[in-house]
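Below is a short report on one protein chain. Please look at the sequence and the structure first, and then read on.

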Amino acid sequence: MNELDEMTSPTLDEGKDVRVIAKQLPVTIKTGTKVFDVIWWFLPPVIGGIVWSIMKVKAKSYFQKLQQKIQHDASQIDNYLEQRVQILKNCAKLVDKAIDLDKDTFTQIAAYRGGVKPEDDSARMEYAGKIEEIGRSINLAFENYPELRAHQELADAMQQNSYLQREITAAREVYNDTVNTWNREIFSWPTRQIVAAKEGYTTRIPFNIDNETREQARGEFF
């Protein structure tokens, strides 16, 4: 018998929207695990305790390397975002020569073109959301004025923008895969969970899209 049976289990006819829950879960261990952690030194031979200590050292080293991998993957996103800001800056200048582009767009680009590197996951997602907002305003102008599409330099810049967006999406996937590995391994019992609890580690929040992009994805395009 299947635990989840599509023939007899209840279904949601109205559907369900899946969202990332922005909550970090701390790693904790119960009394039994705490006893398991220290009992090795009281069981003959004592070498069992030494082996157990080595295992925990390796687990901590593993987490340190994984944190560096997360930093590397996050940096890749930052680098692509920074390149995209420069491309959007060039696009905005070209568009402004042909139409009166909203001056707020230039103000926003100026705020983000200085190579700002967010320090944490939530700041990085907010930063990316702002870049998406700028990109949408320029793309809207590009689509609404057919004469702009004939401008080869602008068309090339928009193509570069599209390419960078794909690269950002791919980099986010790599980042989220590493975050998923972290979130899974810190609860891997016994060694890694014990080490994670002692180090005060928590789960990390995957990269997710902003509400405006989510709503646009539901819209009609044709």
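Is Trp40 buried, partly exposed or exposed? Trp40 has a relative accessible area of 28%, so Trp40 is partly exposed. The cut-offs behind this are under 20% for buried and over 50% for exposed, with partly exposed in between. The model discussed here is predicted.

**The chain as a whole**

The chain holds eight helices and zero strands. Read from the N terminus on, its elements run α-α-α-α-α-α-α-α. Of the 222 residues in the chain, 35% are buried. The chain exposes about 14400 Å², and carbon and sulfur atoms supply 55% of that area. Among contacts in the chain with a separation of 6 or more, 77% are between residues 24 or more positions apart.

**Aromatic rings**

The structure holds nine aromatic pairs. Two of them involve Phe36, and the table gives their geometry.

| Ring pair | Distance between centres | Angle between planes | Type |
|---|---|---|---|
| Phe36 and Trp40 | 5.8 Å | 85° | edge-to-face |
| Phe36 and Trp52 | 5.5 Å | 90° | edge-to-face |

Why do both pairs count as edge-to-face? Planes over 60 degrees apart count as edge-to-face. The planes of Phe36 and Trp40 are at 85°, so this pair is edge-to-face. The planes of Phe36 and Trp52 are at 90°, so this pair is edge-to-face too.

Phe36 has a relative accessibility of 24% and counts as partly exposed. Trp52, at 1%, counts as buried. Ring pairs link Phe36, Trp40, Trp52 and Trp189 into a cluster.

**From Trp189 into helix α7**

Trp189 is also joined to Pro190 by a cis peptide bond, with omega about 5°. Pro190 is placed in the loop between α6 (152–185) and α7.

Helix α7 covers residues 191–199 and includes Glu199. Gln193 lies in helix α7 as well. Leaving aside neighbours within four places in sequence, Gln193 is in contact with Val27, Thr28, Ile29, Ile186, Phe187 and Ser188.

Glu199 has a relative accessibility of 36%, so Glu199 counts as partly exposed. How far apart in space are Glu199 and Val27? From C-alpha to C-alpha, Glu199 and Val27 are 9.0 Å apart, although 172 residues separate them in sequence. Val27 is also one of the residues in contact with Gln193.

**Charges over rings**

Two arginines remain to be described. Arg192 lies over the face of Tyr62, at 3.9 Å from the ring centre. The charged end of Arg204 sits over the ring of Trp182, and the distance to the centre of that ring is 5.1 Å.

Terms used: Residues are numbered from 1 along each chain as its sequence is written. This is a predicted model: local features need pLDDT of at least 70, side-chain atom pairs count only at pLDDT 80 or more; totals for chains, interfaces and linings use all residues. Side-chain values use heavy atoms; hydrogens and water are left out. Helices (H or I, at least four residues) and strands (E, at least two) are DSSP runs, numbered from the N terminus. Buried means under 20% relative accessible area, exposed over 50%, partly exposed in between (1.4 Å probe, protein chains only). Contact means heavy atoms within 4.5 Å. Rings of Phe, Tyr and Trp (its six-membered ring) pair if their centres lie within 6.5 Å; planes under 30 degrees apart count as stacked, over 60 as edge-to-face and the rest as tilted. A charge sits over a ring if NZ of Lys or CZ of Arg is within 6 Å of the ring centre and within 35 degrees of the ring normal. Accessible areas come from the Shrake-Rupley method with a 1.4 Å probe; for residues, only the protein chains shown count as cover.
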